[in-house]
Amino acid sequence: MATFFQYIRQRIPFRRSTQKKQALPTPVLPATQRVVSQAVNIAPNDALVAYFLSSPGAIEVEKLHLDSPILRELKEAGVKLTMPLVSQGELVGLINLGGRLSEQDYSSYDKGLLNSLATQAAPALRVAQMVLDQQAQARERERIEQELRVARIIQQTLLPKELPDLPNWQVTAYYQPARAVGGDFYDFIPYEDGRLGIVVGDVTDKGIPAALVMATTRSILRSSAQEDLSPGAVLERANDLLFPDIPERMFVTCFYAILDPQSGFLRYANAGHDLPYRWHEGEVGELRATGMPLGLMPGMFYEEKEVTLAPGESMLLYSDGLVEAHNPTRDMFGFPRLITLLGAYQDENSPIDYLRAELSTFTGADWEQEDDITLVTLQHVPVQNLQETTEILRKPEIHEGSIESGDGWQPLETWSIPSAMGNERIAISYITQRVQPFHLPERRLEQLKTAVAEATMNAMEHGNHYRPESPVTLQLLSSEQAIAVRISDQGGYQPTQAPETPDIEAKLAELQSPRGWGLFLIQNMVDEMRILNDEHTHTIELVMSLEGGPHAPQSA
């Protein structure tokens, strides 16, 4: 059979208009007739095609009179007799014969022999064409798969191999492309001062073009971050550099933020990406900032916003593959469902495992993923959940006049906070959470928070001189009638001075020190303030009476 196929392929050169075949060499001619070996392209709407399909058998070309380009080409080539090869109602080839060497006409016997040959040759030629087509398709698939393997290796190389290890933070990430190569990406960019750049992006389209644009965008963002630009400025530069060269109808959505792990302070900008969510104890909020996707138009401006993630708060960054997933009835996962799930989240599993489980339940076992899915979470873990990593400093020594010299005071918790600008917000968050069981009225709670913030700032600045290796210690104590917050720095002994009532006119005239507001403010925010010293520490104790306590103001 293989020998027969080779014979047919050598003697029946033919090309359909929808397939590309190589022109075949001229065969060795029999002694009695001349085979016209010439590859031809026949348009599907050529009148000769319809004639061949309706008139089986050998056809004398000279007797045909049709408006057909291919018929004219056959006549010009000297074809006298043509035999259409039809298989399953489709024209797959022609056997073309020129004039006989004897210059006699073809006999009915010749035509019958040709008909018998065509009966066997047509299906054989169709099979041969199908085999060649399959081989060509296999080679093309192999080439594409090889390119995808290379692109996938490049993409996986560019994704972070390790997650950031930040004290008091848990960072998790998940990435699943819908195809071998996707357009989503995420990245973490460390700064020399300890801050962390966080990127989540989505390139339109999939496959190799999206992977290449992703790699380019990542390189631009990292390069811009090294210049210590703000999040909005980083996106502006990335947009202007991408615009001239990005493929047509492609763009990149991107969220970029810079986190200060010590304070939880987050500054961010958004280039048309899905809004991240911030949640804590059932409350869920969006992190909104406006800006066009990267690569659409030059000269774009990206709004910057800022927020502080207090201990216990978490943030989710994600791509639209999550919210645009569909279940078997074509219902969409959607933003409302995501918000509801975050509001109901408990700490049994990581947020990503929790969301993946909910997505799997929603889509079902036979779900075919439609788009890339990227999830990144940041959790500012409370101190009680990080006992193995958080340094708890020794309690300050007890001195005469301290609240612990009396009866009934019980120490509750002690924390240490790095001496860094802005970390007073962490102190406020700690105290707010821990005094909730005492049910302070809202006004008195705000007064206590203000006093704690001012005392913590003083301890970090004047006691520890913003040295990160010298933390500020906060301790919460309680009795039946009051609560107290002790704030200690490592500034050593400092002379105790009573807070001086500020004279605004004297300060403006430089007759009085510009300082002095802090202690005055603290003293007027709480019911009682004590200042304690030893050779190692300087401590301020803030006492706030509970309702009905002996120190409670009559108006409280």
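These legends describe close-up views of a predicted model.

View 1. Helix α10 spans residues 424-434. Eight of its eleven residues are buried, so the helix is largely enclosed by the rest of the structure. The buried residues are E424, I426, A427, S429, Y430, I431, T432 and R434. They pack against four elements: β16 (410-417), α11 (442-463), β17 (472-478) and β18 (482-489).

**View 2. Strand β18, covered on both faces.** Eight of the eight residues of β18 are buried, so this strand is largely enclosed by the rest of the structure. One side carries A482, A484, R486 and S488. The buried residues of α10 are in contact with β18.

**View 3. The β17-β18 hairpin.** β17 and β18 form a hairpin, with three residues between the strands. The two strands run antiparallel and are joined by six bridges. In this pairing, L477 stands opposite A484 of β18. β17 also packs against buried residues of α10.

**View 4. Pairing of β18 with β20.** Strand β20 covers residues 538-545. It runs antiparallel to β18, and eight bridges join the two. A482 stands opposite S545 in β20. A484 stands opposite V543 in β20.

View 5. β20 is mostly covered, with eight of its eight residues buried. H538, I540, L542 and M544 point one way from the strand. T539, E541, V543 and S545 point the other way. Charged E541 is among these buried residues. Strand β19 (residues 528-533) runs antiparallel to β20, and six bridges join them. R530 stands opposite E541 in β20. Four residues lie between β19 and β20 in their hairpin.

**View 6. Helices α8 and α9 crossing.** Helix α8 covers residues 335-343, and helix α9 covers residues 351-363. Their axes come within 11 Å and cross at roughly 135 degrees. The two helices are therefore oblique to each other. Their crossing is right-handed. From α8, the contact uses R337, L338, L341 and L342. From α9, it uses Y354, L355, E358 and F362. The contact residues divide into six nonpolar, no polar and two charged. An α-helix has 3.6 residues a turn, so residues three or four places apart point the same way.

Key:
Residues numbered from 1 in each chain as written. Predicted model: local features only at pLDDT ≥ 70, side-chain atom pairs only at ≥ 80, totals over all residues. Heavy atoms only, no water. Buried < 20%, exposed > 50% of the residue type's maximum accessible area, 1.4 Å probe, protein only. Contact = heavy atoms within 4.5 Å. Pairing = 2+ DSSP bridges. Axes fitted to C-alpha atoms, helices over the stretch in contact; angles between N-to-C directions. Parallel < 35°, antiparallel > 145°, perpendicular 65-115°, else oblique. Left-handed = near helix turned anticlockwise from the far one by under 90°.
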